[in-house]
Amino acid sequence: MRVSRRLFIRDGVATVTLGLTAPAFLSAIAQAQGLPSRRLVVIYLGGGNDALNTLISYQDSNYYNRRPTIAIPAGQVLQVGVDAGGRALGLHPRLGGLWNIFNEGRLALVQRTGYANSSRSHFEATDIWGTANPQSSSGSGWLGRYLDTLPRPVDALAAWNTSGETPRALLSGQTGVPAIPNASTYTYASPNRGSAALQERTAAQIMATNPAAGRPHLAFVNSTSRAAIETLDRVALATSYTPTIVYPNNGFGLALRTVAGAIVRGVGSRVYWVQTGGFDTHAQQGGSAGAYGNLMGTLGDGLWAFYSDLRNTGLLNDTTVILFSEFGRRISENGSGGTDHGAAGLMVALGGMVRGGLYGTAASLAPGNPTLENNSGDVHFETDFRSVYARVLDQWLGVNSVPILNGDFRAGAPAIL
Amino acid sequence: MSQLSPEIDHLLRRAGFGASPADAETFRDMSTSAAVAHLIDYEGRPDDVDARIGRADHVQVTSRDLFAPDIDIDDARQRWMFRMIHTRRPLQEKMALFWHNHFATAYSKLVADSGNLQAAKMLAHKPTTLRGPQGQIELFRQYALGNYRDLLLQVAQDAAMLVWLDGQSNTKGKPQENFGREVMELFTVGVGNYTEPDVYAAARVFTGWNLRESVGYRRDDMNAYQEFVYNADEHETSEKTFSFPIYTNGSRTIPARSESAGAQDGVDLITALAVHPETARRLARKLWNFFISEVHQPDPAFVDGAAAVYLRNGTEIRPVVRYVLTSPWFNDPSMRFERYAWPAEFVARAIKEVGWQGFSLDKVRSPLANMGMLLFEPPNVGGWPLGAGWFSTGTMLARTNFAATLAASQKEFLAVSLESEGRTPQALLAAMLDRVTPAPLDPIPQQALMSYVVAGGTWTGAAEQLNTRAAGLARLLVGSSEYQLV
């Protein structure tokens, strides 16, 4: 095993990288467990995505009546055909990237996903999508419970969170997930150089081994420190990746670029979490252009770059992406040219093994129609979001979804994989 | 460890931002109860901290051109950190931080609405020379220990909040639910204590609570501003019924009122929410977590006690905080170091304890962002994920790397000031622990620190050795897990 030591100076502060050359770079645990051949990337659109303007039912006259200033003109949508209910649908014009994937047969659009008595609170609803239990917004998350099924000891990078805080979906009783919001600053700095800097890193590592008996909060911070030090070098490996394609220069694009780097460099993570915000469009959301159009552009362009990069590197068939938001939005626009909190939303899946197409049926937006709820203000759910989770767990990650979801939700699951 | 009693050290970490050597002078001869009074009854001491920005014996600020904290958000961030470090009223600053999280409002959305200058002004304007209302953070300072009902009313009429939760466009034609929902879910009673119809009713209550622009408004004009206006003809006048009492006679219905009298709807709802028993309990629980412990659940007796003080005193916060800081729970030694330091607290305390010679606060912006707490940029209206939520591998590295940056900047200063203690490794470590106050260190970290001091070879106490090891120790202590607890 060849050891390379690099030391470089930034801002007067030395950054210590203690690296091994790949493939010996993988942790012993990750190697022992074998490289997972399948990875799941979960994307959360924070704030409640306006699903009705993501996938547009452009022949529904009530869509235009109820959204006089924010509706997408029928002539601008990117047509994706007709769903099982006979409704013609199209993607937002800024989702050209997703449209490309759809046309390659690798984009699944699952309409009207949600659950009964949908929470309109951002926090409670996000937690419910995390716990996968509409009755409880506390406790562990569905991805955390999946990670708990991996053989122990589990690799410190079994999952990779690109956001700074740990979402409830990844919370687990037994498996910590590193948060790597900015991979380029995921380093260990010292006020000193040379051997003093290395001695300092050693001391920090030893300090963090203190089990802190009787002080669980201290033990928790110590375990976080240990996980940080353990994962430094492999994260550096991922950031050294040069993509085959230019990613959009925004937070979402850069997060996907980092994920691609981790996948291509083979760091061994099975689950990646990416989130992007700004979807709480209560005011001035715009139609084809404007704030919502920019959100769609960020989303579609980022995912197209990611998809293309993985295809170029031959890893597309090992990767599935699923995308969700905590709720959809009110059907009628409000007085501020925006939309308030609603109910059912849109889930999207893409990847080399995804069976593309339209799943489920669009709501009829006519007041009084049974596909609506809340005095016809909101879209009522048709597909239980847990059935999509079940499909991903059973068919993609190869585990039994029933204990993870605390129930059998396979019936009626869209056959996206 | 430090030169102060453990009681006062604890008090200053919780009700302030730790103690600099100058603070230690101030508090050295004070009893604990005198120190509590000193912190709570702060009006007697001058609010002169901003005037000291730029003075040589203080932490520095750096600006691209003229330092303009009323209209430039990065300068406003530096001014706030400066205040945390040098204020003579630490509890006022601490409560401003508490309210900033409670009424979490993010600069970025304000920018999208009104541009950089107006967005910064809405959040941070301190009226001296520029025209326009005070910024949101000044409101939080003014009401730091003030009346909660009054604060809530001011917040409902605060320009930043009216943009943040879209009240500016709440009209009778299409009531806007954003503020109506959050005022119940997050600012007062909490989930489970209101219904969906309450949200719709609350939206109607605040119709017409909008903004107006100053005459000749231009967003890049530093004297232009936006301010609250009650647009009577945009107010929805019909009656509004809630699931909880609005009036002391138990009535749940705000009566139909004329447009001109309709602003009273919002005052009635805010008053009802402020005196709602669940608001009292929710604030009590949040204050427990902020001042007493994030490890132990709030003691029911504490929640009852603090809520009763709040209601008995007509929603005044000062008596509640006095109750908290003098309570047996706050003063229970087992509650020390049972809170996870917020990144801004961590940074302010580290600077106060390690030193600030030649250090500029523009160097804390990126580290704070990497730690997950860019001031004036909470992740959403629910505020930051507190407690254990601050800690992930990435944010922990950001904390330790900030410790490295700070220690590197204070290298010479530390070596010079520790020259006499540097004669033995033991004395050096002890002297560092006099300045820097982590939670008690178990034998494993203690031994690791001592091994680090002597790892460079035979100890001579020579300048270069002291230079390296004192800075390294500061880095290890401030970056330790123990130091993240307050």
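Residues are numbered from 1 along each chain as its sequence is written, while chains are lettered from A and ligands numbered from 1 in the order in which they are written. Because the model is predicted, local features need pLDDT of at least 70 and side-chain atom pairs count only at pLDDT 80 or more, whereas totals for chains, interfaces and linings use all residues.

**Exercise 1. The two chains**

Task: Find how many helices and strands chain A has, and compare its radius of gyration with that of a compact globule.

Solution: Start with the secondary structure, where helices (H or I, at least four residues) and strands (E, at least two) are DSSP runs numbered from the N terminus; chain A has 12 helices and 16 strands. Next, take the radius of gyration over C-alpha atoms, with the globule rule being 2.2 Å times the number of residues to the power 0.38. For 417 residues the rule gives a value near 22 Å, and chain A, at 22 Å, agrees with it. Finally, buried residues (20 or more other C-beta atoms within 10 Å of their own, against 12 or fewer for exposed ones and values in between for partly exposed ones, with C-beta atoms placed from the backbone) make up 59% of chain A.

Task: Carry out the corresponding steps for chain B, ending with its extent along the principal axes.

Solution: Chain B has 22 helices and 4 strands. A compact globule of 486 residues would have a radius of gyration near 23 Å, and the 24 Å of chain B agrees with this. Buried residues account for 53% of chain B, and its C-alpha trace spans about 85 × 55 × 40 Å along the principal axes.

**Exercise 2. Where the chains meet**

Task: Describe the side of chain A that touches chain B, by element and by residue class.

Solution: First count the residues in contact, that is, with C-beta atoms, placed from the backbone, within 7 Å: 51 residues of chain A meet 56 residues of chain B. Then assign them to elements: helix 5 (122-131), strand 9 (188-190), helix 7 (194-207) and helix 8 (216-239) of chain A each supply at least two residues of this side, and the largest share, 10 residues, comes from helix 8. Last, sort by class, with Ala, Val, Leu, Ile, Met, Phe, Trp, Tyr, Cys and Pro as nonpolar, Asp, Glu, Lys and Arg as charged, and the others, Gly among them, as polar; this gives 23 nonpolar, 22 polar and 6 charged residues.

**Exercise 3. Helix 3 of chain B**

Task: Decide how the buried residues of helix 3 of chain B are arranged around its axis.

Solution: List the buried residues of this helix (residues 32-40), which are B:Ala35, B:Val36, B:His38 and B:Leu39. Seen down the axis, they fall within an arc of 160° and so line one face of the helix, the arc being that of the directions from the helix axis to the C-beta atoms. On the other side, B:Ser33 and B:Ala34 are exposed. The cover over the buried residues includes helix 1 (6-15), helix 2 (21-27), helix 5 (90-102) and helix 15 (318-326) of chain B.

**Exercise 4. A:Arg67**

Task: Is A:Arg67 buried or exposed?

Solution: Locate A:Arg67 in the loop between helix 3 (61-66) and strand 5 (78-82) of chain A. There are 23 other C-beta atoms within 10 Å, so A:Arg67 is buried. Leaving aside neighbours within four places in sequence, A:Arg67 is in contact with A:Ser332 and A:Glu333.

How values were computed: Two residues are in contact if their C-beta atoms, placed from the backbone, lie within 7 Å.
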